[in-house]
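The following note sets out comments on the structure under review. Please read the points alongside the sequence and the model.

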2 protein chains.
Amino acid sequence: MKLDAQQLAELDKAYRTLLVNSLTGFKSANLIGTTNAGGHNNLAIFSSLFHLGADPALIGMVSRPHSVTRDTLENIQETGYYSINHVNSDIYRQSHQTAARYPADTSEFNATGLDEEWIASFPAPFVKQSRIQLGLKYRGSLPVELNDTEIVIGEICLVNIKDDIVCDDGYVDIESADTVAVSSLDTYHLTRTLDSLSYAKPGQDPQSIAAKRLSSHEENS
Amino acid sequence: MKLDAQQLAELDKAYRTLLVNSLTGFKSANLIGTTNAGGHNNLAIFSSLFHLGADPALIGMVSRPHSVTRDTLENIQETGYYSINHVNSDIYRQSHQTAARYPADTSEFNATGLDEEWIASFPAPFVKQSRIQLGLKYRGSLPVELNDTEIVIGEICLVNIKDDIVCDDGYVDIESADTVAVSSLDTYHLTRTLDSLSYAKPGQDPQSIAAKRLSSHEENS
């Protein structure tokens, strides 16, 4: 398939949405947990999270103004805090279901069968079934005028990783936590490690880069 | 592992970098191809691309000012155009190698063995070995003051997908193109489809959401 700008603009809307959502490659799948001043909890799946920096530890994500994720943005801005919870293969169906347009007074936790977990005094709910849970403090939003979205930026202030999947060098073996990847809007994938490569330096032959670390799944692949 | 903000801040820098880069989940792996006014070509791997919108078709990515990706940003701002090329399992080693700090007059195409491809009159080089190639027009940057990075935004103006992997509904079967996913800074993964789920609606039982589409790999999984 070959399309220029004009042909892309003329595509049927639903077709174009699935196509364009496929084009960045594999995406993360995370549940964002929030609450509001009235104590109503909200949970929504996002595939737009991206690593923004390690020091300070910043994560960005895209919020669309007219989507179900609008409640999430309002709660984040109201309370200043939210949770990020990796979607794994045990809960991808319930996680996908959080994208349904529930009435504002319905908690997606109750509606989908995912369980709230409250950790220490962190002021937003986590997903109990998630093995990698992060607590974020809201640091601000960047409005994107080109398409009326907002890029929400938060700083990690709590890390809770269940099980023993953090390697000696800090790498988290998210594959062994059965964290899923997403393609386009609707397809969920498990992964199989190809390689962990050492730091790239000029002059080395790409085909002989040393493997850096054995995955805990190595023996199965 | 459980860390609060203070413990996270006190981690060894290299450890923290691998850890925090793992926490958003799986990431895309894309090669960004650029050129400058002098005709020098540049190629760099990015794992920070994210879908920003389907109409207009916008993609965002993070550029760090003091990294090897700085050449990429300068070329994008100088020429107004760049290419995005999916990394697949045949070229992940060469792609990783583009992250090495080559001298400014070295083309990463030559240094890593990836081949330039020029498509129609598009003014930036593509990677011949990539099966999913996009041409982008630069639309602007958002500076992130919190960590001195920039979010670069481009609009897709050329789509070139090799092979027959676009489904009837617009979904691109990136798994069958052997597009890889990345975790943290250094680990590359292939995928195996779990499911394609239909649009989420209130009231449906998550465990009985219909599968929407059979992957072309379905028979192998």
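How many bridges join strand β10 of chain B to β11(B), and in which direction do the two strands run? There are 12 bridges between β10 (residues 132-144) and β11(B), and the strands run antiparallel.

1. Basis of the note. This is a predicted model, in which local features need pLDDT of at least 70 and side-chain atom pairs count only at pLDDT 80 or more, while totals for chains, interfaces and linings use all residues. Residues are numbered from 1 along each chain as its sequence is written, chains are lettered from A and ligands numbered from 1 in the order in which they are written, and side-chain values use heavy atoms, with hydrogens and water left out.

2. Strand β11 of chain B. Helices (H or I, at least four residues) and strands (E, at least two) are DSSP runs, numbered from the N terminus. Two strands pair if DSSP finds at least two bridges between them. Within chain B, strand β6 (residues 57-63) is joined to β11(B) by 6 bridges in an antiparallel arrangement, with B:S63 opposite B:E150. From chain A, strand β1 (residues 2-4) contributes 3 bridges to β11(B), also antiparallel. B:L158 is the bridge partner of A:D4, and B:L158 also stands opposite B:G135. The hairpin of β10(B) and β11(B) has 4 residues between the strands, and there B:D148 takes a positive phi near 60°.

3. A sheet with strands from chains A and B. An open sheet of 6 strands has the order β2(A)-β12(A)-β13(A)-β13(B)-β12(B)-β2(B), with antiparallel pairing. Its edge strands, each pairing on one side only, are β2 of chain A and β2 of chain B. In chain A, 2 bridges join β2(A) to β12 (residues 181-183), and A:S28 stands opposite A:A181.

4. By class, the lining of the largest cavity has 6 nonpolar, 10 polar and 2 charged residues (Ala, Val, Leu, Ile, Met, Phe, Trp, Tyr, Cys and Pro count as nonpolar, Asp, Glu, Lys and Arg as charged, and the others, Gly among them, as polar).

5. Aromatic pairs. Rings of Phe, Tyr and Trp (its six-membered ring) pair if their centres lie within 6.5 Å; planes under 30 degrees apart count as stacked, over 60 as edge-to-face and the rest as tilted. Over all chains the structure holds 7 such pairs. The ring centres of B:Y81 and B:F122 are 5.5 Å apart with planes at 85°, so this pair is edge-to-face. B:Y81 lies in strand β7 (residues 81-86) and B:F122 in the loop between β8 (116-117) and β9 (126-127) of chain B, so the pair ties together parts 41 residues apart in sequence. B:Y81 is partly exposed at 24% relative accessible area, whereas B:F122 is buried at 8%. B:Y92 and B:Y188 form a tilted pair, 5.5 Å centre to centre with 40° between the planes.

6. Backbone features to check. The peptide bond from A:D55 to A:P56 is cis, with omega near 0°, and the bond from B:D55 to B:P56 is likewise cis, with omega near 0°. A:A120, although not a glycine, has a positive phi of about 50°; A:A120 is exposed at 75% relative accessibility.

Technical notes:
Buried < 20%, exposed > 50% of the residue type's maximum accessible area, 1.4 Å probe, protein only.
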